[in-house]
Amino acid sequence: MTAKANETGATAGVYAPPAAASGSAEGTPVSLRNLTRAFGATKALDGMSLDIAPGELIALLGPSGCGKTTALRIVAGFEFADSGEVLVNGKDVSGVPAAKRDMGMVFQSYSLFPNMSALDNVGFGLRMRKTAAAQRRRKAAELLDMVGLSAQAAQYPHQLSGGQQQRVALARALAIEPHVLLLDEPLSALDAKVRLQLREQIRTLQQRLGTTTIFVTHDQEEALSMADRVGVMRDGRLEQVADPSELYSRPATAFVAEFVGTMNRLPGELAGPGTVTVLGVSCAVIGHGGSGGAGSPPIEDNLTSGPVDVLVRPEGLTVAAAEGGNGIVSGRTFLGAITRVAVLLSGDTEVRVDLASAAALAIPPGTSVQVGLPPTPVLVAPRQQ
């Protein structure tokens, strides 16, 4: 996908930030300009460009090997791009060593010093900057209090839980008051409940401090719940950068649609450049003639007619018991307030439909049902074989 110029005045291929990010105006703007990086024959980054607003939290999301961690390491100064620039507050820092970039980094592995207490771990960066001992201890104590660990100040890493260790690592990164905070999958080693608590705490702290933050993750739920904008990466390039709501409801490509959230593929017939027939309903195609609304992405691969796959989320379909319907309920998964109903359609296509759990009780497995689709604009993609 190639980005076009928008209201913010971004040049082609550069994803620009919204007019105002939710973070503090005191944050630092960061720009990545046409970054490339290759490891042998493998292109880790292929012309990546991105503008990050002051105080914005942006998540880089994508599968393993898409280039998101390489991009983060280049911003941090742990890797150097083959070409391109990293601008922090308008200054090119591409050749500046990591230790002089004034950035805080939180790793997946915590990386705490085992022979130091939590207080001393947090104050380590200040110690390296020759901060007076009393001031250093006061600042470290304030940050431990901010992350809810005042009572653990004298404890060593082996005496702390995984979630507590990661909060110490976060406090340590913030102690130096960095221009930019970099988070490299910091929650992936934690259990689900601690992950949820910590991601809420990180987001609250980030908004309170107004620190420009880049967060790398492969977990779409983390990205969508924490970020002002999410950049979905594939093969070293950004497929789409948008706020979480737009990314989910208006994906620009089939890859983004299927990577973010759950997506059904339904066989359809493209009757022309802007209309597709699916489940007996004629729908407008997103990206043709403004059918998807302002800013709609172009249809993929210049499809104009013939068989295609229509991409629809589980909540976008309807299902009701019907004798001689177009499908049979093959299973149900209880998810609390909703139940995900699996339906086997004619032609051996299985789709998932989200229903209120009370309504799903009326259609147990084996029930003949009619699956429908409201005539709303849809995204289409080349038919999968």
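Is Arg-234 buried, partly exposed or exposed? I looked it up and found that Arg-234 counts as partly exposed, at 36% relative accessibility. I used these cut-offs: buried is under 20% relative accessible area, exposed is over 50%, and partly exposed is in between, with a 1.4 Å probe and protein chains only.

**Basis**

I am working from a predicted model, in which local features need pLDDT of at least 70, side-chain atom pairs count only at pLDDT 80 or more, and totals for chains, interfaces and linings use all residues. Residues are numbered from 1 along each chain as its sequence is written, and side-chain values use heavy atoms, with hydrogens and water left out.

**Salt bridges**

I counted a salt bridge where a side-chain nitrogen of Lys or Arg is within 4 Å of a carboxyl oxygen of Asp or Glu. The count by this rule is 18.

I started with the partner of Arg-234, which is Glu-239; their closest N and O atoms are 3.9 Å apart. Glu-239 has 12% relative accessibility and counts as buried.

Next I checked Asp-51, which forms a salt bridge with Arg-33, with 2.8 Å between the closest N and O atoms. Asp-51 is in strand 2 (residues 42–52) and Arg-33 in strand 1 (residues 30–39), so this pair ties together parts 18 residues apart in sequence. Asp-51 counts as buried at 12% relative accessibility, whereas Arg-33 is partly exposed with a relative accessible area of 28%.

I then looked at Arg-137 and Asp-120, a salt bridge whose closest N and O atoms are 3.8 Å apart. Arg-137 belongs to helix 4 (residues 133–146) and Asp-120 to helix 2 (residues 118–122), so the pair ties together parts 17 residues apart in sequence. Arg-137 is partly exposed at 47% relative accessibility, and Asp-120 is partly exposed at 37%.

I also noted a network of salt bridges that links Arg-37, Arg-73, Glu-79 and Asp-82.

**Aromatic rings**

A pair of aromatic rings is described by the distance of the centres and the angle of the planes. I paired rings of Phe, Tyr and Trp (its six-membered ring) if their centres lie within 6.5 Å; planes under 30 degrees apart count as stacked, over 60 as edge-to-face and the rest as tilted.

How many aromatic pairs does a search of the whole structure find? I get three aromatic pairs. One of them is Phe-78 with Phe-107, which is stacked at 6.2 Å centre to centre and 25° between the planes. This pair links distant parts of the chain, 29 residues apart: Phe-78 is in the loop between helix 1 (68–76) and strand 4 (83–88), and Phe-107 is in the loop between strand 6 (103–106) and helix 2. Phe-78 is partly exposed at 38% relative accessibility, and Phe-107 is partly exposed at 24%.

I also looked up Phe-113 and Phe-124, whose ring centres are 4.5 Å apart with planes at 50°, so this pair is tilted. Phe-113 is in the loop between strand 6 and helix 2, and Phe-124 is in helix 3 (residues 124–128), so the pair ties together parts 11 residues apart in sequence. Both count as partly exposed, Phe-113 at 28% relative accessibility and Phe-124 at 22%.

I checked for a charge over a ring, meaning NZ of Lys or CZ of Arg within 6 Å of the ring centre and within 35 degrees of the ring normal. The charged end of Arg-313 sits over the ring of Tyr-248, 4.0 Å from its centre.

**Helix 1**

I found helix 1 mostly covered, with seven of its nine residues buried. Those buried are Lys-68, Thr-70, Ala-71, Leu-72, Ile-74, Val-75 and Ala-76. Gly-77 follows helix 1 and has a positive phi, near 95°.

**Lining of the largest cavity**

For a cavity I took a set of points, on a 1 Å grid over the protein atoms alone, where a 1.4 Å probe fits but cannot get out; lining residues have an atom within 4 Å of a point. The lining of the largest cavity includes Leu-170, Ile-202 and Gln-206. Helix 5 (162–175) and helix 6 (192–209) each supply at least two lining residues. Helix 6 gives the largest share, four residues.

Conventions
On a 1 Å grid over the protein atoms alone, a cavity is a set of points where a 1.4 Å probe fits but cannot get out, and a pocket is an open set with protein on both sides within 12 Å along at least five of seven lines; lining residues have an atom within 4 Å of a point.
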